[in-house]
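Please look through the structure shown here with the briefing below at hand. The points are grouped by topic and are meant to be read beside the coordinates.

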Amino acid sequence: MKRIYSSYVQSAPVRRPLKIFASDPMVGTTAPRRISIEVANEPNMVPGPSGERIEVMDYDGAHDRFYPPLDLNERAVLMQNGLDPTESDPRFHQQMVYAVASKTLENFDFALGRQLSLRRRGRPKLRLFPHAFHGANAFYAPDLHAILFGYFRADRENPGQNMPGQNIFTCLSHDIIAHETTHAIVHRLRRYFLEPSNRDVLAFHEGFSDLVALFQHFSYRDLLRDEIQKVRTDIRRDGMLVRMAQQFGEATGMGRELRSALGKQVSRLDNSIVEPHRRGSILVAAVFDAFFSIYQRRIADLIRIATGGTGNLPDGDLHPDLVSRVSEEASRTAQTVLVMCIRAFDYLPPVDITFGDYLRALVTADYELLPQDDLGRRAAVIGAFRNRGIYPRSVPSLAEESLLWEENPGNVQDLPMETADLQRVLLVSASNVSRQVPTSKSSTKKFMAEENVSDEGVELEINKEVVKILHTWATQPENMAALSLSPAHKVEVHGFHPVYRVASDGKLLIELVAHFAQQDRTTTEEFGGIPFRGGTTIVASVDGQVRYVIAKPIATTNRDGEAEARLHELRTYLRELDGADPLLPYGGPTYTANRMKLRMNLAALHGGY
């Protein structure tokens with residue numbers, strides 16, 4: 001009897017495994033530290049690797065040459081799930097930066113409930129240069145929309161575990177790649193968070209980027225189980241999970257990792273701490289304290305069972321089953337806290353971020369998704385920030401209900417959701433289409449010039465008609481007052497997007513987020529090249545009802561004198577920076593006029609990393 005088989009077409013896999021160093025080559029010599037991670041299998045991948053949003057360009061600036069690009073679709077590469085980790089093959093360096101940057105970007109996509117566009121100033125992709133220059137540095141360059149990784153020789157006198165004088169590649173450090181990718185994403189989400197308008201702004205950029213890199217350690221299960229066994233479930237012990245860029249720190253002669261999640265150098269926030277990395281380390285320590293508190297609560301029953309209720313673990317290696325279960329809880333908790341940290345971005349003002357603003361955004365975003373807080377996540381975060389000396393302004397107490405952003409009192413009109421253009425934005429986003437709504441570039445620029453809408457440094461993810469609707473809505477006199485926008489300054493529309501999230505109870509939460517900004521250019525000379533800015537974030541329900549108005553007023557006649565307080569803080573901060581700037585007496589009038597703008601340079605900020 002003749003058999004008849006139906007035709008069957010094998011579809012391409014959704015995910016692609018790629019090998020990486022889970023930390024860096026120095027501590028990546030054993031199996032748990034050489035791992036495979038899964039990233040999206042992009043259908044239009046070309047050699048580079050280059051996908052839809054990330055493009056690797058391997059130009060060696062020190063030697064003026066291009067290295068051959070890696071083709072991840074080459075049969076030999078596919079059969080072994082990517083190249084094996086090695087320091088000697090530039091193609092693996094390309095694979096490493098692509099894989100870790102993609103993993104970082106996917107964490108943001110998942111937490112924010114939408115696929116981020118990395119388009120900027122006509123550049124459709126974020127570019128990664130694994131061997132951009134010779135030097136102990138790596139940084140995101142906004143003007144190039146690229147991350148530039150340096151390479152250098154290890155210190156000959158104090159190289160740590162490295163060989164004296166060996167080549168150290170920053171592109172092989174998981175933490176540096178994740179940190180710099182986060183810088184690029186944060187700049188995409190809030191471009192004015194690079195303007196140093198108070199002590200916390202640049203510190204937030206640095207601290208938040210460290211948080212993303214550190215919490216990604218906990219998603220690598222083999223590495224996590226190995227470390228949990230070594231530290232006997234106490235992840236606060238000085239193990240690899242809490243260290244950042246160990247090879248880099250030792251190679252530059254520091255004798256230790258670059259930074260740690262434990263906040264060993266500074267324990268509490270103080271106005272005398274101005275340097276962004278030191279100040280940002282306090283934010284990292286606060287969030288990590290909260291994470292550890294939640295983690296302890298989640299493994300308490302496992303420890304009780306394993307110890308017969310004593311809580312004292314026996315000597316010797318822990319039982320593999322206990323290690324596996326504790327590792328699962330650590331990984332789940334770390335992912336929960338990381339998502340919580342990223343999700344808070346939709347509840348941040350568009351300008352002048354402070355650590356206190358971030359605490360309120362954390363609490364509000366989590367409350368909107370999980371009002372009950374059965375796991376005590378918000379309580380842990382509030383307690384950790386309090387213990388590190390981080391307090392928001394203009395709140396009566398640290399009670400949860402006080403930290404929630406104030407809900408709209410009802411004097412802001414609903415968004416005009418009945419318009420076809422706003423409905424189309426919802427439909428396109430719900431269809432998971434990440435590209436921009438098509439529009440004529442020339443007509444968009446003309447419209448923005450006419451309607452006082454800024455596209456400086458970023459591509460709006462909405463078309464000109466939606467921008468016009470939002471601009472008209474925000475500039476209505478009754479709305480301007482309620483949104484704390486000043487009629488004396490132009491209103492710029494900085495974005496509008498829907499957010500789709502699923503709560504733990506299975507309910508779908510849909511929110512609409514829009515950003516508006518203003519600037520006072522008359523202060524640019526006074527503040528060394530940057531204007532005084534104000535702005536407002538609104539969070540609305542899907543029917544257009546405005547729920548939250550998160551404002552940084554620019555007008556000096558606003559409620560509670562908030563704008564005056566911000567101006568005073570900016571002037572104080574400027575004097576502090578000027579007093580510590582050795583170039584100021586010798587830089588001349590050009591340097592003086594642009595000194596604050598020059599301080600926004602991530603390359604200089606990361607000098608020596």
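Predicted model: local features only at pLDDT ≥ 70, side-chain atom pairs only at ≥ 80, totals over all residues.

**Nonpolar cores**

- The largest nonpolar core has 139 residues, and those with the most contacts inside it are Phe204, Phe208, Phe215, Phe218, Tyr358 and Phe385.
- Helix H7, which covers residues 276-307, supplies the largest share of this core with 14 residues.
- When residues up to four places away in sequence are not counted, Phe208 touches Phe108, Thr182, Val186, Leu283, Cys341, Ile342, Phe345 and Tyr358.

**Helix H2 and its ends**

- Helix H2 runs over residues 90-112, and its 23 residues should span 33 Å at 1.5 Å a residue, which agrees with the 33 Å between its end C-alpha atoms.
- Burial is the rule along H2, where 20 of the 23 residues are buried.
- After H2 comes Gly113, which has a positive phi near 75 degrees.

- The Asn198 side chain comes to 2.6 Å from the backbone nitrogen of Asp200.
- Apart from residues up to four places away in sequence, Asn198 touches Asp352, Ile353, Thr354, Glu569 and Tyr573.
- Asp352, one of these contacts of Asn198, belongs to the loop between helix H8 (320-343) and helix H9 (355-369).
- Asp352 is buried at 6% relative accessibility, and its phi is near 60 degrees, a positive value in a residue other than glycine.

**Ala380 in helix H10**

- Ala380 is part of helix H10, residues 377-387, and with a relative accessibility of 9% this alanine counts as buried.
- Although Ala380 and Phe291 are 89 residues apart in sequence, their C-alpha atoms are 7.7 Å apart in space.
- With neighbours within four places in sequence left aside, Ala380 is in contact with Ala290, Ser293 and Ile294.

**Other backbone features**

- Most residues other than glycine have a negative phi, and most peptide bonds are trans.
- Thr233 has a positive phi of about 75 degrees although it is not a glycine; this threonine is placed in the loop between helix H5 (221-231) and strand S10 (243-244).
- The relative accessible area of Thr233 is 10%, and Thr233 is buried.
- Gly48 and Pro49 are joined by a cis peptide bond with an omega of about -5 degrees, and Pro49 lies in the loop that runs between strand S2 (34-40) and strand S3 (54-56).

Definitions and conventions: Residues numbered from 1 in each chain as written. Heavy atoms only, no water. Polar contact = N/O pair within 3.5 Å; in protein donor to acceptor, adjacent residues only side chain to side chain. Contact = heavy atoms within 4.5 Å. Helix = DSSP H or I, 4+ residues; strand = E, 2+ residues; numbered from the N terminus. Buried < 20%, exposed > 50% of the residue type's maximum accessible area, 1.4 Å probe, protein only. Expected span 1.5 Å × (residues − 1). Core = buried A, V, L, I, M, F, W, Y, C linked by side-chain atoms within 4.5 Å.
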